[in-house]
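Work through these exercises with the model open beside you. Try each task before you read its solution.

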Amino acid sequence: TTMEIKKLLFLNGRENLLALYYYQIFISAASTSSYNSVISQINQLTTPTFPVTGNDLIERGYQKGKRLGEMLNKMQQTWLDSNFSISKEGLLIEYNV
């Protein structure tokens with residue numbers, strides 16, 4: 001689905017995701033026509049931008065380090081699970097930051 005492609009695009013980047021699909025075509029000896037739709041979507045979709053930064057958490061009392069990274073990872077997973085629909089403010093409220 002488009003949402004799954006957007007998630008893969010966010011997590012891997014456009015170049016890596018395209019390389020993965022081209023590799024899949026190569027090893028499966030499939031015709032490129034079976035992958036053209038997905039490759040077209042990868043090229044056309046805008047890579048989602050995670051709305052929360054480390055600086056956002058530092059401004060709210062977090063120190064640089066492991067705890068900050070863990071919180072960003074949790075927030076990012078929630079954002080991915082929501083299909084990118086939770087806003088920065090929503091994430092900060094959900095995690096009581």
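This is a predicted model: local features need pLDDT of at least 70, side-chain atom pairs count only at pLDDT 80 or more; totals for chains, interfaces and linings use all residues.

**Exercise 1.** List the buried residues of helix 1 and say what they pack against.

*Solution.* Step 1: the buried residues are Ile-5, Lys-7, Leu-9 and Phe-10. Step 2: they pack against helix 2, helix 3 and helix 5. Step 3: pick out Lys-7, which lies in helix 1 (residues 2-12). Its relative accessible area is 16%. The cut-off for buried is under 20%, so Lys-7 counts as buried. Step 4: set aside its neighbours within four places in sequence. Lys-7 is then in contact with Leu-80, Asn-83 and Phe-84.

**Exercise 2.** Decide how helix 1 and helix 5 run relative to each other, and name the residues in contact.

*Solution.* Step 1: take the packing angle, about 155°, with the axes 11 Å apart. Step 2: apply the cut-off; angles over 145 degrees count as roughly antiparallel. Step 3: helix 1 and helix 5 are therefore roughly antiparallel. Step 4: name the contact. Helix 1 gives Lys-7, Phe-10 and Leu-11, while helix 5 gives Gln-76, Trp-79 and Leu-80. Step 5: sort this contact by class. Four residues are nonpolar, one is polar and one is charged.

**Exercise 3.** Compare the span of helix 5 with the expected span, then find its buried residues.

*Solution.* Step 1: helix 5 has 16 residues. Step 2: from its first C-alpha to its last it reaches 22 Å, close to the 22 Å expected at 1.5 Å a residue. Step 3: its buried residues are Leu-68, Met-71, Leu-72, Met-75, Thr-78, Trp-79 and Leu-80. Step 4: their cover includes helix 1, helix 4 (54-58) and helix 6 (88-94).

**Exercise 4.** Classify two aromatic pairs that involve Trp-79.

*Solution.* Step 1: the structure holds four aromatic pairs. Step 2: take Phe-10 and Trp-79. Their ring centres are 5.0 Å apart and their planes meet at 75°, so the pair is edge-to-face. This pair joins helix 1 to helix 5, across 69 residues. Step 3: take Phe-50 and Trp-79. Here the centres are 5.2 Å apart and the planes are at 65°, so this pair is edge-to-face too. Phe-50 sits in the loop between helix 3 and helix 4, 29 residues from Trp-79. Step 4: check burial. Both Phe-50 and Trp-79 are buried, and Trp-79 has a relative accessible area of 3%. Phe-10, Phe-50, Trp-79 and Phe-84 form one aromatic cluster.

Conventions:
Residues are numbered from 1 along each chain as its sequence is written. Side-chain values use heavy atoms; hydrogens and water are left out. Helices (H or I, at least four residues) and strands (E, at least two) are DSSP runs, numbered from the N terminus. Buried means under 20% relative accessible area, exposed over 50%, partly exposed in between (1.4 Å probe, protein chains only). Contact means heavy atoms within 4.5 Å. The expected span of a helix is 1.5 Å times one less than its number of residues. Rings of Phe, Tyr and Trp (its six-membered ring) pair if their centres lie within 6.5 Å; planes under 30 degrees apart count as stacked, over 60 as edge-to-face and the rest as tilted. Axes are lines fitted to C-alpha atoms, for helices over the stretch in contact, and angles run from 0 to 180 degrees between N-to-C directions. Angles under 35 degrees count as roughly parallel, over 145 as roughly antiparallel, 65 to 115 as roughly perpendicular and the rest as oblique. Ala, Val, Leu, Ile, Met, Phe, Trp, Tyr, Cys and Pro count as nonpolar, Asp, Glu, Lys and Arg as charged, and the others, Gly among them, as polar.
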